[in-house]
Amino acid sequence: MQAFTNADMSDKGATKPGFAISAWPDTRDILARLYDLANKEPVLAIKREQMERYLGYFEHKCIKSKSMTSAAMELIPGGVQHNLAFNHPFPLAIKKAEAAYLWDVDGNRYIDFLQAGGPTVLGSNYAPVQEKVIELIRECGPVTGLFHEYELKLAEIINHYMPSVEVFRMLATGTEAVMGAIRAARTFTGKAKVIKMGGAYHGWSDQMVFGMRIPGIGALESHGIPAGCYEHTQECFPNDIEALAAMLKNNEAQGGTAAVILEPLGPESGTRPVIYEFNACVRKLCDEYGTLLIFDEVVTGFRMGLGGAQGFFGVKPDLTVFGKCVAGGYPAAGGVGGRRDVMQCFAAGLQGLKKRAMVGGTLSANPLSCAAGYFSIKAMAETDAPIKAGKAGDRLTAGLKEIIKRRDLPFVAFNHGSICHLETAAAMLMDINNPKIFTEVSERKHVMEEMGAAFTAEGIISLAGSRLYTSMADSDAVIDDALDRFDRVLGSVEKKK
Ligand SMILES: Cc1ncc(COP(=O)(O)O)c(C=O)c1O
């Protein structure tokens, strides 16, 4: 039976020692303010003449980057290999990374709130891990194709901090890990349907390029993917436990649901934040319907604390998907772990007629990635990196909130530890039910891109102008310096009369 209604779900989150969230934010209040920003407030951009000055920075100070990345336009589709690097007005070419800073090929220094998209909780290029990796490469090179001790050590340390991961299979990316988890869930349950939360990104496999970025968008972004590939993928609006319960119930007549997959903080690393009790409610529903619960902890795994978001929420998933931090910011970073009985479907070798979920990857679980992951997680435990990074996130967010208030802007800043959000254009927070969605989304996206460019010109690298990852390297001095820079950008926003 349905355990909760949406209104029943409590948002009272307890803080826990060992986790990066020092106080659970008021999610319903954040959601209401995000809704207003996306649906009611006018789109506010930086004053044109100031924006021209910011764009001038790129023309005059980033000459080598411009020439290198224009040459790349000829040989690389879109000029960059990953959308994280696709920044307005052109991508920067980075030469050096260390702790809280990045340097581009023109010698400009930036405070790094991208942190490679999340994995480097210790700060960029953390020297003690780098030394261990170099030692390993000297000894055996990055890969041999055969078993290496660090595969065991990595599985042991993950199991130690995340006991739900009884067995761990290393893969090369988060995308592959999601594919593996879904395949295992289908093999184990014998059911086909998979439910994800609308707006969430779970990698780019055929079945998951569905309901991405904007809840309710379904297959609109699924170019090049035959409809049959996502025939069994369904999306549910975030935090809508009643809709999820109804979907699971309806699916019973169609063979049932193999898995619900979700990011425990909410889609896009909590861009649409989760109501605290949602995960526990989903767990109950999954148990009721014989459906596996998959936590995508690609971002939260170790960043939220060594026990992951699952440790923070006290909710045990059947399977957990890893990426990013699992190799400490080194390639290749991916893996799936969880219940022994489910994970056995990945067992390699001949198993008679037993059901097997095929996974592969010639360079997966190479000694380099496993050593980098093992030493990074160990260093994170020894240094308390997730907590320190979380404190930096708290300081940054408190400062951003103060600027927003003082300058009387409708923008929204909030954080879950070291994952911070600064929503100015709410481009990713529109809803399929909003009639302005198709007319306004590209304007909002452009305003957000310009905001990102302005931050860069002021010496700050962000994730697409709206997300900021902090690391252990972000001292109070680094954060305070960053806040002065943010203040200059936000002070140049044109207010509507
Ligand atoms: C929540 C989540 N899941 C899956 C992925 C895919 O991981 P990868 O980029 O390693 O394929 C990402 C990547 O950003 C992610 O944020």
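User: Where does P119 lie in the chain?

Analyst: P119 sits in the loop between β3 (109-112) and α4 (127-140). Helices (H or I, at least four residues) and strands (E, at least two) are DSSP runs, numbered from the N terminus. The model is predicted: local features need pLDDT of at least 70, side-chain atom pairs count only at pLDDT 80 or more, and totals for chains, interfaces and linings use all residues. Residues are numbered from 1 along each chain as its sequence is written, and side-chain values use heavy atoms, with hydrogens and water left out.

User: Is P119 buried or exposed?

Analyst: Buried means under 20% relative accessible area, exposed over 50%, and partly exposed in between (1.4 Å probe, protein chains only). P119 has a relative accessible area of 8%, so it is buried.

User: Which residues is P119 in contact with, leaving aside its neighbours within four places in sequence?

Analyst: Contact means heavy atoms within 4.5 Å. On that basis, P119 is in contact with K324, C325, G328 and G329. A separate reading is the C-alpha to C-alpha distance: P119 and A333 are 9.3 Å apart in space and 214 residues apart in sequence.

User: What does the side chain of S124 make a polar contact with?

Analyst: A polar contact is a pair of N or O atoms within 3.5 Å; within protein, one must be able to donate a hydrogen and the other to accept it, and residues adjacent in sequence count only if both atoms are side-chain atoms. For S124 the partner is the side chain of D112, at 3.3 Å. S124 is in the loop between β3 and α4, and its relative accessibility is 9%, so S124 counts as buried. Not counting residues up to four places away in sequence, S124 touches A97, E98, A99, D112 and Q115.

User: How should I read V315: is it buried or exposed?

Analyst: V315 has 7% relative accessibility and therefore counts as buried. Its place is the loop between α10 (308-313) and β9 (319-323). Residues up to four places away in sequence aside, V315 touches N279, A280, R283, L293, F295 and Q310.

User: Now the backbone. Which peptide bonds are cis?

Analyst: Most residues other than glycine have a negative phi, and most peptide bonds are trans. Another cis peptide bond joins P331 and A332, where omega is about -5°. A332 is found in the loop between β9 and β10 (334-338).

User: What is the phi of R213, and what is that of D384?

Analyst: R213 has a phi near 65°, a positive value in a residue other than glycine. R213 lies in the loop between β5 (193-197) and β6 (233-236), and with a relative accessible area of 32% it is partly exposed. D384 is not a glycine either, and its phi is positive at about 65°. D384 is in the loop between α12 (367-383) and α13 (385-406); its relative accessible area is 43%, so D384 is partly exposed.

User: Is H223 buried or exposed?

Analyst: H223 counts as exposed because its relative accessibility is 68%. H223 is in the loop between β5 and β6. Between H223 and G256 there are 27 Å in space, C-alpha to C-alpha, and 33 residues in sequence.

User: And the whole chain: how many helices and strands does the protein have?

Analyst: The secondary structure comes to 15 helices and 14 strands. Of the 497 residues, 58% are buried. Among contacts with a separation of 6 or more, 75% are between residues 24 or more positions apart.

User: Why is the radius of gyration said to agree with a compact globule?

Analyst: The radius of gyration is taken over C-alpha atoms, and the globule rule is 2.2 Å times the number of residues to the power 0.38. For 497 residues a compact globule would have a value near 23 Å; the protein has 22 Å, which agrees. The C-alpha atoms fill a box of roughly 70 × 55 × 45 Å along the principal axes.
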